[in-house]
Amino acid sequence: MMEYQGKVVYKGIAVGPALVLKNRDVQVKRIRTENSGVELGRLKDAVSCAKEQLQRLYDKALKEVGESNAAIFEVHQMMLDDDDYQESIQSMIEKEQVNAEYAVAVTGDNFSQMFASMEDDYMRARAADIKDISERLLRNLSGQENSDIENMKPSVVVAQDLTPSETVQLDKSKILGIVTVHGSTNSHTSILARMMNIPALIGVPLEFEQIRSGMETVVDGICGKVYFDPEQKIKDYANAKICEEQEKRRLLEDLKGKESVTTGGQKINIYANIGSVSDVGYVLQNDAEGIGLFRSEFLYLGRDNFPTEEEQYQAYRRVVQTMGDKKVIIRTLDIGADKKADYFNLRKEENPAMGYRAIRICLKQPDIFKIQLRALLRAAYYGKLSIMYPMIISTEEVKQIYKIIKKVQEELERDGIPYRVPEQGIMIETPAAVMISDELAELVDFFSIGTNDLTQYTLAIDRQNERLDDFYNPHHKAILRMIKIVVDNAHKAGKWVGICGELGADETLTEKFLKIGVDELSVSPSMVLKLRNIIRKI
Ligand code: PEP
Ligand code: MG
């Protein structure tokens, strides 16, 4: 049995086989080889295996998401066959007498840089595809097919690290637990784990040489331990805990359909945070009173091109219609920092958390923003949708947004497309927004406090930096005072305030939030009934 200690991101117990995802950042080594023929043979096998994988992916996508979305796998097949690309790899193997991995990695880098520097937007976006097919070849050459993920059985995912875009590609219904070496408690991958109710540990010093896919694994997300090849007594303990958890959840079931109201009659809305259309199921299962944060940027991650207006409209409309008369607050694109998609072609930055991200991208590249706003205004026609803008620091930004909304409205009017301009609010997640919340409150319909970023910017602590986890203190007096300032300023202007950062789910603060006068808490779906239980006892 092997036992490791880590940090708990989401409490709970998981039992199942491990699925080990190898480190994607392994440096490819240049190895001189006398026998180029062997390397060319390995390359040929890797290419034909890649073609089969891409064909399988195409067939699967065609069934699940339709022809236009499946087309990307056809494009990848064609690129893989491209003569220039193939010749470049082969000639490197022959002339420089190097291993196939090295030739693929160097050719992939060169070609993707060449595409990235092209004028044409379409061609520039192909840089990401070249990277993708080169990585596929590298995986095949090292014998670790990505089919692990593509055809995964219910498993505990074990990895060095997971990015948000990788996490969204995993089949959530099959992830029993997540165990990673890196990652911070407030990263979006951790937030996704909480959202999906998946027991998760980070900061686990795993020795990958010893852990294989298929090994029996127990994740103890209460003590922060993971066991591989566990002893019988550990398995018995885990199974008993799973039953206990199920019993606790069953007791909470009685709270469904009841109000989140204190014994003194103070009502607070308990909404849920989601990242994809399919998460609405968790929202309904847990009887949330609305959706307080739909992180729309997840629609943009884990894919090779921008989602179209139609795709977004369909997604938003589905969520709004499924929620019926309950409110759905959709946050506009908050891409950047840890949430990256290659096709945005964002430059590498020294300080991405303080960089070109979120509303800044939308205001600088209004063409991208307008597509999303058109989709949102169209979907708003069908239900109780509200729009929320992230990372606001000034009243000028809000006014600029309203100008763009006006244009979008005129265009929809001109095109004769049904739409509605809904309630619009902003996230308060920068100290600047807190300090001018009196002025901002005059401009918007509501505030939602994003304590994850507000803590990062107030305490000058990068939420991605795992070494700073011990310093990241959202209970800091500064944060709690800021929340009070924002609530008071909003209420003076007759506007409502919610908290949609992770702090909203902190059971030790629920009573305090009620005292401050917070009107809504938006939390991961699994926390909704727990908070209702606490509130009804206050
Ligand atoms: C926040 O910053 O608190 C928030 C809710 O947004 P995100 O975690 O997606 O940055
Ligand atoms: Mg944020």
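Lysine 248 and glutamate 245 sit three residues apart in helix α9, about one turn of the helix. Helices here are DSSP runs (H or I, at least four residues) and strands likewise (E, at least two), numbered from the N terminus. The two side chains form a salt bridge, meaning a side-chain nitrogen of Lys or Arg within 4 Å of a carboxyl oxygen of Asp or Glu.

This is a predicted model, where local features need pLDDT of at least 70 and side-chain atom pairs count only at pLDDT 80 or more, while totals for chains, interfaces and linings use all residues. Residues are numbered from 1 along each chain, and side-chain values use heavy atoms, leaving out hydrogens and water.

The structure holds 37 salt bridges, including these:

| Pair | Closest N to O distance |
|---|---|
| Lysine 248 and glutamate 245 | 3.9 Å |
| Arginine 463 and aspartate 453 | 2.9 Å |

Glutamate 216 lies in strand β7 and lysine 235 in helix α9, so this pair ties together parts 19 residues apart in sequence. Lysine 235 is buried at 18% relative accessibility, while glutamate 216 is partly exposed at 33%. Buried means under 20% relative accessible area, exposed over 50%, and partly exposed in between (1.4 Å probe, protein chains only).

Now for aspartate 453: both it and arginine 463 are buried. Aspartate 453 also coordinates the magnesium ion (ligand 2) along with Glu429, at 2.0 to 2.2 Å. Donors are N, O and S atoms within 2.8 Å of the metal (3.2 Å for Na, K and Ca), and water is not among the atoms, so sites may look incomplete. Glutamate 429 is buried too.

Notes:
Chains lettered and ligands numbered in written order.
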